[in-house]
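Subject: Structure handover

Hi there,

Here is the structure I promised to pass on to you.

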Amino acid sequence: MTRKHVVAVGSLAVAVAVAVGACATAVVVPTASDVAVAARVYPDVTLHELSDGRALFVSRCAGCHQLPSPETRRPEEWPVVVDKMAPDAKISDSDRALIERYLVAASARSHAVNIAASR
């Protein structure tokens, strides 16, 4: 392997690592304020659940397609989308619920809506 080839392969590996990292960080990380908003619809929701929902969204949904940003849909649209895709992705009901809670909360943040009124 020539030095030029090694540099090209190394550059490609760095570019792929940066792209993968950018995708994961582009998906909003839930905060306590997201919990307060989500609790209007899901009274027992926790920050841990929203974080688990985000992790599941990233790991399970990115396997089939590019991840949409939660802000691309209104909060009331996400449950329908998740219900439609969960069977094909073989996502359990409990994981589906976590993903839904995360997406509804993250979407409500960007749309600045009262999700209690929208669900």
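This is a predicted model: local features need pLDDT of at least 70, side-chain atom pairs count only at pLDDT 80 or more; totals for chains, interfaces and linings use all residues.

Residues are numbered from 1 along each chain as its sequence is written, and side-chain values use heavy atoms, with hydrogens and water left out.

The fold

The chain has 6 helices and 0 strands, and along the sequence its pattern reads α-α-α-α-α-α. Helices (H or I, at least four residues) and strands (E, at least two) are DSSP runs, numbered from the N terminus. Of the 119 residues, 31% count as buried; buried means under 20% relative accessible area, exposed over 50%, and partly exposed in between (1.4 Å probe, protein chains only). Taking contacts (heavy atoms within 4.5 Å) with a separation of 6 or more, 70% are between residues 24 or more positions apart. The accessible surface of the chain, from the Shrake-Rupley method with a 1.4 Å probe, comes to about 7,100 Å², and 62% of that belongs to carbon and sulfur atoms.

The largest pocket

The volume of the largest pocket is about 260 Å³. Cys61, His65, Val81, Met85 and Ala86 are the closest to its centre among the 17 residues that line it. The elements giving two or more residues to this lining are α3 (47–61), α4 (78–89) and α5 (93–111), and α4 supplies the largest share, 7 residues. By type, the lining divides into 13 nonpolar, 1 polar and 3 charged residues. Here Ala, Val, Leu, Ile, Met, Phe, Trp, Tyr, Cys and Pro count as nonpolar, Asp, Glu, Lys and Arg as charged, and the others, Gly among them, as polar.

For the method: on a 1 Å grid over the protein atoms alone, a pocket is an open set of points where a 1.4 Å probe fits, with protein on both sides within 12 Å along at least five of seven lines, and lining residues have an atom within 4 Å of a point. Grid points are joined across faces, edges and corners, and the volume is the space filled by probe spheres set on the points.

Salt bridges

How many salt bridges are there? The count comes to 6, with a side-chain nitrogen of Lys or Arg required within 4 Å of a carboxyl oxygen of Asp or Glu. One of them joins Asp44 and Arg101 (3.2 Å, N to O). Asp44 sits in the loop between α2 (32–38) and α3 and Arg101 in helix α5, so this pair ties together parts 57 residues apart in sequence. Arg101 counts as buried, at 15% relative accessibility.

Asp83 and Arg96 form another, with the closest N and O atoms 3.4 Å apart. This pair links helix α4, which holds Asp83, to helix α5, which holds Arg96, across 13 residues. Asp83 is partly exposed, at 42%. Shared partners also join Asp44, Glu49 and Arg101 into one salt-bridge network.

A loop residue

Finally, look at Val29, in the loop between α1 (3–26) and α2. Leaving out residues up to four places away in sequence, Val29 touches Asp34, Arg54 and Arg109. Val29 and Ser51 are 22 residues apart in sequence, with their C-alpha atoms 7.1 Å apart in space.

Best wishes
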